[in-house]
Amino acid sequence: MPRVPHKKRLSALYLILLACSLIIQITPTQAQVLESTDSYSAFAATMPTGGVGQRIGIATHPWWLEMHLDTFISNFKQLGVGVVRIPFEWKMIEPQPGQFDWRQSDKLLTRLNDEGFSVVLEFVTMPVWASNNPAECAKYDLNCAYSPLASGYFEQMVEASARRYPFVRHWEFWNEPEQWPNAGRDVSVYGSWLKLFYRAIKRVDPGMLVAACTVSGPEYIGGLYNYIEASSGGKNYPWDAVAYHPYNLDGETDEQGVSYLAKKRIERLHQLMVERGDSNKPIWITEIGFQAPPPDQARIFQASFDWLTARDYITVIALHMLHDWSEEAYGLMATQPETYPFRGDVTPATKFVPKQPYFDTFKNYPKRVLPTTPAANPETLVFSETGHTVRGSFRQAWLNRGGLALFGFPKTGQFYERNAATGQYYLVQYFERVRMEYHPDLQGTPYEVQFGLLGTETMIGRGMLDQQGRPKASYTLAQPPAADPESLFFPETGHNLSGLFLAAWQKQGGLAIIGLPRSAVFEDKHSRGEDGGPLKVQYFERARMELHSGPDGRKYILFGLLSNQRLVEQGRLYPNHGPVSANPYNPANSEFVAVNR
């Protein structure tokens, strides 16, 4: 029988007393000072799809992650991690009012996204200048107390962070707020700042998800429900999920004795959410771990995760943690030289060694169990031909602006990719011929979905244009306007458009979808016709038009498979345009297992 699990940060007795007191904390305190409205954007799940949507991952910390970034990334991939949960510290990002230091978060978050991980950001800590007890706050983070005078800076910082990292779809507000005497233990204090946080996130993108956090569970969240209803006059709850750390701190037992997982509390929390009308909102287990000898850790992990993954209302599970450290031995890996217990700090020279059989048990645990082919519905297009779905704004654009004939089949799920032209990250989806990009700041306008500059990118990659997009080949140099009155001349690029190329451009969306011409018509050695010879083509910012001949000699225009070619160059598709499934983090991998209906 395993010993009673513990977490040094809180005692079981303290949690029980705390939980009992929370249910009466419903009197508004700071809320009326901080807020002018309790109106929030509607929940809209514009979440990524595809082969990297696993919900099982690791909770880690930025200081160790930065110190051993390549090593951690390698271990995450060896373990099959899909989610990485890390703190996002206000005090580090905004050391002075209005002055942001993004260096560490840029380095870590963009790397995690580019490697294919989903990131859960735990927004926590406050700068001394934002507290109303600066002397105590400077000594110890847990003692900090919010200053209502900093609420404007707070919202601006949250909004700036969400805009900078649009690929972060899961935001967790604070870490175990019950531990913070002045910034969370009172649910009215926590709830009033959670409202501001939620409102700021939703202003950026309603599809980003925000979770309220708890370590005690249903008692704290029950108090939070009561506070919101009392302060807002309704059930307009400012969270999309509840993040819970279900360490069994009060010694709950199961059929095997004392459990390491607070199963009954999880079930009570879910039932509370159902009773309050939140049955559609999930629970995220953003931290759970097992401090025991490695064979026991392996056994407890298997049983605990089997129980957690069997509950559909739990959508994120993050194990605490990758490695041991001086205060804790929860890790999948030990440190060399050993740091636990209190033998030293993790340093750049520290090595990490798997703790067997715990490491392999986690590694081999199924994390990518794909669903069967989903049923088509008014919100989702399902393509069993490629194993992908098209939904949300991309679905509307596909149906209304070109469909299969122009765009082709989807070749990836939705994922976040850095745009080479702007340096910004956008939610994208690749089709055979185009890349769609979602711009939440333009939601509700015709420009909400835009089309990537695949034509320009291909030309740069093949040396037709230089890295700044300037002409390098004769057929990309600017030309004078054509004498043909039926032609169109584009002074922006110095190219003409005429004949079948002009007709296709006008029919298929013009500037918005095809873009400006970037070349004259020329024979392209990279594009082959039905007879195997080079085709006459014309490149545009977002597409390549190809002049084909039918069996009867009739000439017609097809759009080149630029998106497929781009995915091949990125190593996401094989030359035959099938997904490189050996890479489990490849967004071109199927989203589901196709079955005959």
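Threonine 125 has its place in the loop between strand E3 and helix H7 (134-139), where helices (H or I, at least four residues) and strands (E, at least two) are DSSP runs numbered from the N terminus. Its phi is near 65 degrees, a positive value in a residue other than glycine, and threonine 125 is buried, with a relative accessible area of 4%; buried here means under 20% relative accessible area, exposed means over 50%, and partly exposed lies in between, with a 1.4 Å probe and protein chains only. This is a predicted model, in which local features need pLDDT of at least 70 and side-chain atom pairs count only at pLDDT 80 or more, while totals for chains, interfaces and linings use all residues. Residues are numbered from 1 along each chain as its sequence is written, and side-chain values use heavy atoms, with hydrogens and water left out.

As to confidence, the protein averages a pLDDT of 88, and 90% of the residues score at least 70, pLDDT being the predictor's confidence in each residue on a scale from 0 to 100. Over residues 1-14, however, the pLDDT is below 50, although this stretch has 37 contacts in the model beyond near neighbours in sequence, a contact meaning heavy atoms within 4.5 Å. Residues 16-45 likewise stay under 50 in pLDDT, and for them the model has 72 contacts beyond four places in sequence.

Strand E3 (residues 118-124) has six of its seven residues buried, so it is largely enclosed by the rest of the structure. Strand E2 (residues 83-89) runs parallel to E3 and is joined to it by seven bridges, two strands being paired if DSSP finds at least two bridges between them; within this pairing, arginine 85 has valine 120 in E3 as its bridge partner. E3 also pairs in the parallel sense with strand E4 (residues 170-173), over four bridges, and here phenylalanine 123 has phenylalanine 173 in E4 as its bridge partner. In the loop between E4 and helix H9 stands tryptophan 174, whose phi is near 75 degrees, a positive value in a residue other than glycine. Tryptophan 174 is buried, with a relative accessible area of 0%.

The largest nonpolar core has 145 residues, and those with the most contacts inside it are Phe76, Phe88, Phe123, Trp171, Phe173 and Phe305; such a core is a set of buried Ala, Val, Leu, Ile, Met, Phe, Trp, Tyr and Cys residues joined through side-chain atoms within 4.5 Å. Helix H9 (residues 187-204) gives the largest share of this core, 11 residues. Not counting residues up to four places away in sequence, phenylalanine 76 touches Ile58, Thr60, Leu65, Val81, Val84, Leu112, Phe117, Leu322 and Tyr585. Apart from this core lies another, of 16 residues, among them Met464, Phe522, Leu562 and Leu567.

The structure also holds 49 aromatic pairs, in which rings of Phe, Tyr and Trp (its six-membered ring) have centres within 6.5 Å, planes under 30 degrees apart counting as stacked, over 60 as edge-to-face and the rest as tilted. The rings of phenylalanine 72 and phenylalanine 352 have their centres 5.5 Å apart and their planes at 80 degrees, so this pair is edge-to-face. It links distant parts of the chain, since phenylalanine 72 lies in helix H4 (residues 69-79) and phenylalanine 352 in strand E12 (residues 351-354), 280 residues apart, and both phenylalanines are buried. For phenylalanine 522 and tyrosine 539, the centres are 6.2 Å apart and the planes at 15 degrees, so the pair is stacked. Here phenylalanine 522 belongs to strand E21 (residues 522-528) and tyrosine 539 to strand E22 (residues 534-539), and both residues are buried.

Helix H16 (residues 454-461) has six of its eight residues buried, so it too is largely enclosed by the rest of the structure. The buried residues in H16 are Leu454, Gly455, Thr456, Glu457, Thr458 and Met459, and what covers them includes strand E16 (425-430), strand E17 (435-438), E22 and helix H19 (562-569). After H16 comes glycine 463, whose phi is positive, near 80 degrees.

Two cis peptide bonds can be located in loops. The bond from histidine 320 to methionine 321 is cis, with omega near 10 degrees, and methionine 321 has its place in the loop between strand E10 (314-319) and strand E11 (333-336). The bond from glutamine 356 to proline 357 is also cis, with omega near 5 degrees, and proline 357 is found in the loop between E12 and helix H13 (358-363).
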